[in-house]
Amino acid sequence: MRFHLLASGSPLRVREAPACLSRLNGKAGKLHMVLDREIALTDLTDRSIEISSGITPRITPRAKHPISRRMIDEEALKVLYRLYHHGYLAYLVGGSVRDLLLGKVPKDFDVATNAHPHEITNLFKNSRIIGRRFRLAHVFFKGNKIVEVSTFRSHSEFEEVETEAGEIIRKDSFGTPEEDALRRDITINGLFYNIADFSLIDYVGGMADLERGIIRTIGDPGERFQQDPARMIRVIRHAARTGFPIDGATYEAIFRYRDEIRKCSPSRIRDEFLRDLKEGAARSSLQGMLETDLLLSLFPEFQRVFGDRSASRENNKQFFLSIFSLVDQLVQRDRTLPEAVLFALFLFPLIQAVTPEHPYLGDKERHLYLAQTIRWVIHQLLVPFSFPKGTKEISYQILMARSGLERAIQKGGIPRRLRMKKYFKEVVLLHGIIAEAKGEKVSSVLRRAVPSDLLPWWPKEIEIERKSHLLRRRRRRRFPRRFIPPR
Ligand code: ATP
Ligand code: MG
């Protein structure tokens, strides 16, 4: 194996050198030259420890950024150090660096390295290679904890790259740290935290965009969205989560390429879209999708509900957004809403829009009519994205039951048959969220039928009532008859 150092261009910051040098020392490689401040290495074999670069990254030393090792997950640190001590580059990447800089607690800590997957699994006995499109390693720790370690890539796993020979490359296109930063979606997600000296490495202008508070794609937005249209959903979600505006060119490109979203694989749309609904910023994400019309490109049937700017359509939008702002409130209080309830809420405005009132229909016909409408809406909105069949079925059941519940409450009671359903709580959740979004009161009959803390906006008088009831019962128990002393 021969290694050459390049004297011109392709600089690697000297602070990255120790890791490379220690890696080289272990091999039969020869080091030809060390420049004063910078070195660059080219591996002439097919192995890619090349760290050559066209861009000089902005390096922020430890003293100039707030990320301390105490803020990093213990297991992720172990992984970073182990890789580093074995001579590999080891960076914390993606969402974790972004969140730490924003003062948030990251959901997960991902690691990127120049070690190849099999080298990673050699280093960590508690690891396994996963991934069909791009192989990466999962390192397992106690308590089902996983640290994801991926080798630097030259392009995203979701892009298809055509070589000069016309070959489509998808798998294992390992790359340099710079290439790995450039293949990422938005600038604030392209930052690296280097365990070698605790500095931040920024090839993409992510630090400046974090400081200014803006969401921008890495590279030309039009090109990046055509390569992988799911990035449009991601841009809107990150804007919703951070509260940052979307950069003008990025926003225009979403508007322009919004119809490309249908080219994306249904399972990817499903995964990204579910994250939108579940992660606590659903209202702003959906608002962004409505403003850019991306929502209509994804779900053309929504044209009937939100299609133009008429007053009724505006009301529909406000109702839809209020539903999801209530969902966000619940998520922020650590309540996990079942997927079936989320889907049912998502479908509800369309069901309402296409179910006109038929005053002459009897109960049976109305039931059949509603059943068909719900099935049709599920078919239009959920089936194209292969949402799980079981969940779709529960959504159908609880939407039907909600309508039954509404009629039962009007008559003054909840039939036992409905109370005994195994998804009764979900039906009440659905009903409670919809009623609150409409500004309607929910009858106390219904509130008494479920745990008093099911929905945080429900008045607490029931709880007080229940407590006093319990007290009364307890008091009776405390002085049982047989202990009353005879006079
Ligand atoms: P979260 O906090 O929600 O996990 P995240 O930014 O970590 O946000 P992930 O889906 O976990 O999002 O992705 C990890 C990283 O992978 C991202 O930060 C981004 O750099 C990169 N990435 C994810 N999806 C894409 C994509 N479609 N195109 C390019 N890069 C992507
Ligand atoms: Mg993540």
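This is a predicted model: local features need pLDDT of at least 70, side-chain atom pairs count only at pLDDT 80 or more; totals for chains, interfaces and linings use all residues.
Residues are numbered from 1 along each chain as its sequence is written, while chains are lettered from A and ligands numbered from 1 in the order in which they are written.

Ala137 belongs to strand S9 (helices, H or I of at least four residues, and strands, E of at least two, are DSSP runs numbered from the N terminus). Leaving out neighbours within four places in sequence, Ala137 is in contact with Pro117, Ile120, Thr121, Ser127, Arg128, Ile129 and Val149; contact here stands for C-beta atoms, placed from the backbone, within 7 Å. Val149 is also the bridge partner of Ala137 in S10. As for Thr151, 14 residues from Ala137 along the chain, the two C-alpha atoms are separated by 8.7 Å.

Strand S9 (residues 136–141) pairs with S10 in the antiparallel sense, over five bridges; pairing calls for at least two DSSP bridges between the strands. The two make a hairpin with three residues between them, and Gly143 in the turn has a positive phi of about 70°. S10 (residues 145–151) also pairs with strand S7 (residues 110–113), this time in the parallel sense and over three bridges. There, Ala112 stands opposite Ser150 of S10.

Zooming out, the protein chain holds 21 helices and 14 strands, and 36% of its 487 residues count as buried. The largest nonpolar core has 104 residues, and those with the most contacts inside it are Leu92, Val111, Ala344, Leu345 and Leu347 (such a core is a set of buried Ala, Val, Leu, Ile, Met, Phe, Trp, Tyr and Cys residues joined through C-beta atoms within 7 Å). Helix H15 (residues 339–354) gives the most to this core, with ten residues. At least three residues come from each of domain 1 (58–213) and domain 2 (305–472), with bounds taken from an automatic or database domain assignment. Leu345 touches Ile323, Val327, Leu430 and Ile433, not counting residues up to four places away in sequence.

Conventions:
A residue is buried if 20 or more other C-beta atoms lie within 10 Å of its own, exposed if 12 or fewer, and partly exposed in between; C-beta atoms are placed from the backbone. Two residues are in contact if their C-beta atoms, placed from the backbone, lie within 7 Å.
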